[in-house]
Amino acid sequence: MSFPGASVGSSRAVGRVVEFGKTHVIRPKGKHQATIVWLHGLGDNGLSWSQLLETLPLPNIKWICPTAPSRPVSLFGGFPSTAWFDVVDLNEDAPDDTEGMDVTAAHVANLLSNEPADIKLGIGGFSMGAATSLHSATCFTLGKYGNGNPYPINLSAAVGLSGWLPSAKTLGGKLVEEAAKNRASSLPILLCHGKGDDVVPFKFGEKSTQALIAHGFKNLTFKPYRELGHYTTPQEMNDLCAWLTLTLGLEG
């Protein structure tokens, strides 16, 4: 069941006001043990993923599925689309829209900020949503957003399906404080990627995994799928359910 939640949200935490679309919330069918914000891909919306997540056998999770703002996307020649941040090109040398990612990360943190203290918090996403999830994970690890403002949420899990790690080349020099190293080594991360992905190439998932491990993210699971393109499958969803159940200690 979808609830409207906040029909329109905005984020001021990083200095820029952005209007987000409709947020869909899936209430837990059993004992509430975890809350996960799930972020859709470029051009999509929160409703489509909420409908899928509602069918998963995870009765102890509350899902929050926001919709990205509609904004001009450089990859589309400036044509507007729902996007968590701007993308110039899908290659390793393309510049990162750190400000845009910070705005979304702040919005995600705000969505999680009112959850009860005993509830485990997570973030996940698909494609651009996966990239945003990993940006939030690095913000949590560093204890601050890209602009230096403190990151307020304690994450217990991060998931990225068919995505990539933004700012991979600059991450290593930032993980110098002992507290950040400890958070990096203990944060559970699941990355899944299809070898047949013709939108976000499989090598992006591989290299993102290698970069995270090299920078001290030791609690990372990478699952490749031989025939999978830029979409999800029941097998991938089954693997996600099993990983979340084990990682978050969910009841059956």
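**Close-up 1. Helix α3 is largely enclosed by the rest of the structure, because 15 of its 15 residues are buried.** Buried means under 20% relative accessible area, exposed over 50% and partly exposed in between, with a 1.4 Å probe and protein chains only. The model is predicted: local features need pLDDT of at least 70, side-chain atom pairs count only at pLDDT 80 or more, and totals for chains, interfaces and linings use all residues. Residues are numbered from 1 along each chain as its sequence is written, and side-chain values use heavy atoms, with hydrogens and water left out. Helices (H or I, at least four residues) and strands (E, at least two) are DSSP runs, numbered from the N terminus. Helix α3 covers residues 128-142. Just after α3, G143 adopts a positive phi of about 80°.

Close-up 2. A search of the whole structure finds zero disulfides (cysteine sulfur pairs within 2.5 Å).

**Close-up 3. W38, W49, W63 and F126 form one aromatic cluster.** Rings of Phe, Tyr and Trp (its six-membered ring) pair if their centres lie within 6.5 Å; planes under 30 degrees apart count as stacked, over 60 as edge-to-face and the rest as tilted. The whole structure holds seven aromatic pairs. W38 and W63 are edge-to-face, because their ring centres are 6.1 Å apart and their planes stand at 75°. This pair links distant parts of the chain: W38 is in strand β4 (residues 34-39) and W63 in strand β5 (residues 61-65), 25 residues apart. Both W38 and W63 are buried. The rings of W49 and F126 have centres 5.7 Å apart and planes at 40°, so this pair is tilted. It too links distant parts of the chain, with W49 in helix α1 (residues 46-53) and F126 in strand β8 (residues 120-126), 77 residues apart. Both W49 and F126 are buried.

**Close-up 4. L75, F76 and F79 form a nonpolar patch on the surface.** Together they have about 300 Å² of accessible area. L75 sits in the loop between β6 (70-72) and β7 (80-82). L75 is partly exposed, with a relative accessible area of 31%.

Terms used. The expected span of a helix is 1.5 Å times one less than its number of residues. Patches are made of residues with over 30% relative accessible area and no salt bridge: like charges are joined within 9 Å, nonpolar side chains (Val, Leu, Ile, Met, Phe, Trp, Tyr) within 5 Å. Accessible areas come from the Shrake-Rupley method with a 1.4 Å probe; for residues, only the protein chains shown count as cover. A salt bridge is a side-chain nitrogen of Lys or Arg within 4 Å of a carboxyl oxygen of Asp or Glu.
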